[in-house]
Amino acid sequence: QVQLVESGGGLVQAGGSLRLSCAVSGGTFSRYNMAWFRQAPGKEREFVAVISMSEITTFYSDSVKGRFAISRDNAKTTVYLQLNSLKPEDTAVYYCAAGSFSVRKADFHSWGQGTQVTVSS
């Protein structure tokens, strides 16, 4: 049973930064592609970023490209999301997920409980 636990969310002013972490246990972390999704109130959960199991390949949604950076530490079985130049529209619950190298929610078999990010204007 794979378990994912996010941390690092909080309240930040527009233009600020946060670093989210997702600790993974119970599986073979180095064999999972890892992703971040987010869900704002009243909206569908949307793709943010994905990183391959080899750490070599990343892909971002257009809305965060150039501002967010996904990374992973296979030795610590942790994936990170660095959020820079935050905007109020980045306010959402952020979820990490393990699965395929994909942008589709259905391609990920394990999910964390989420961490809230709130950006004030």
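Reader: Which residues form a nonpolar patch on the surface?
Author: A patch joins residues with over 30% relative accessible area and no salt bridge: nonpolar side chains (Val, Leu, Ile, Met, Phe, Trp, Tyr) within 5 Å, like charges within 9 Å. A salt bridge is a side-chain nitrogen of Lys or Arg within 4 Å of a carboxyl oxygen of Asp or Glu. Areas come from the Shrake-Rupley method with a 1.4 Å probe; for residues, only the protein chains shown count as cover. Here the nonpolar patch consists of Phe59, Phe101 and Val103, with about 260 Å² of accessible area together.

Reader: What are the ground rules for the model and its numbering?
Author: This is a predicted model: local features need pLDDT of at least 70, side-chain atom pairs count only at pLDDT 80 or more, and totals for chains, interfaces and linings use all residues. Residues are numbered from 1 along each chain as its sequence is written, and side-chain values use heavy atoms, with hydrogens and water left out.

Reader: Where does Phe59 lie, and is Phe59 buried or exposed, or in between?
Author: Strands (E, at least two residues) and helices (H or I, at least four) are DSSP runs, numbered from the N terminus. Phe59 lies in strand β6 (residues 58–60). Buried means under 20% relative accessible area, exposed over 50%, partly exposed in between (1.4 Å probe, protein chains only). Phe59 has 42% relative accessibility, so Phe59 counts as partly exposed.

Reader: Which residues form one aromatic cluster with Phe59?
Author: A pair of aromatic rings is described by the distance of the centres and the angle of the planes. Rings of Phe, Tyr and Trp (its six-membered ring) pair if their centres lie within 6.5 Å; planes under 30 degrees apart are stacked, over 60 edge-to-face, the rest tilted. The count by this rule is five aromatic pairs. In Phe37 and Phe108, the centres are 5.4 Å apart and the planes at 75 degrees, so this pair is edge-to-face. The pair links distant parts of the chain: Phe37 sits in strand β4 (residues 33–39) and Phe108 in strand β10 (residues 108–111), 71 residues apart. Phe37 is buried at 0%, and Phe108 is buried at 6%. The cluster is made of Phe37, Phe47, Phe59, Phe108 and Trp111.

Reader: Which charged residue lies over the face of Tyr95?
Author: A charge sits over a ring if NZ of Lys or CZ of Arg is within 6 Å of the ring centre and within 35 degrees of the ring normal. Arg45 lies over Tyr95, 3.6 Å from the ring centre. Arg72 has its charged end over the ring of Phe29, at 4.4 Å from the centre.

Reader: How many salt bridges does the structure hold?
Author: There are five. Arg38 meets Glu46 at 2.6 Å, N to O. Arg38 also bridges to Asp90, with the closest N and O atoms 2.9 Å apart. That pair links distant parts of the chain: Arg38 in strand β4, Asp90 in the loop between β8 (78–83) and β9, 52 residues apart. Both Arg38 and Asp90 are buried, while Glu46 is partly exposed at 35%. A network of salt bridges links Arg38, Glu46, Arg67 and Asp90.

Reader: Which cysteines form a disulfide?
Author: A disulfide is a covalent bond between the sulfur atoms of two cysteines. The cut-off is sulfur atoms within 2.5 Å. Cys22 and Cys96 form the bond, their sulfur atoms 1.9 Å apart. The S-S torsion is about 50 degrees, so the disulfide is right-handed.
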